[in-house]
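Hi everyone, thanks for coming. Let me put the structure up on the screen, and then we can walk through some of its side chains together.

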Amino acid sequence: MGSKSNRSRRYTEEFKRDAVALVRSSGKTVTEVAREIGVSAEGLRNWVKQDAIDRGQGVPGELTSTEREELRRLRRQNREQAETIEVLRKAAVFFAKESDR
């Protein structure tokens with residue numbers, strides 16, 4: 001096995017923007033830039049692709065970063081509301097049983 005860690009690194013948005021700008025301005029391949037700055041080529045390729053989508057240059061139907069964040073937020077909100085509904089349902093069942101006594 002390799003010596004690479006299984007944990008993924010988190011990069012700041014500024015770092016990602018700078019890396020994408022370097023790919024776009026340097027004339028180097030994504031792999032070359034990734035090697036120079038110490039990130040995975042696939043990760044950098046994804047950043048470049050997302051940047052193109054955000055600029056309106058992606059395939060129709062692909063989500064921009066803003067849309068992805070909104071979808072994440074709405075899914076989290078939906079999950080929290082489903083949990084709240086389940087707690088309330090259980091409480092209603094509990095109190096219905098208590099009132100029958």
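Is W47 buried or exposed? At 16% relative accessibility, W47 counts as buried, where buried means under 20% relative accessible area, exposed over 50%, and partly exposed in between, with a 1.4 Å probe and protein chains only.

A quick word on the background. This is a predicted model, in which local features need pLDDT of at least 70 and side-chain atom pairs pLDDT 80 or more, while totals for chains, interfaces and linings use all residues. Residues are numbered from 1 along each chain as its sequence is written, and side-chain values use heavy atoms, leaving out hydrogens and water.

Now the rings. There are 4 aromatic pairs here; rings of Phe, Tyr and Trp (its six-membered ring) pair if their centres lie within 6.5 Å, and planes under 30 degrees apart are stacked, over 60 edge-to-face, the rest tilted. One of them is Y11 with F15, stacked at 5.0 Å centre to centre and 15 degrees between the planes. Y11 is partly exposed, at 25%. Y11 also meets W47, with centres 5.4 Å apart and planes at 75 degrees, so that pair is edge-to-face. Together, Y11, F15 and W47 make one aromatic cluster.

On to charges. The structure has 8 salt bridges, each a side-chain nitrogen of Lys or Arg within 4 Å of a carboxyl oxygen of Asp or Glu. Among them, E86 and R89 meet at 2.6 Å, N to O. E13 and K16 pair as well, at 3.7 Å.
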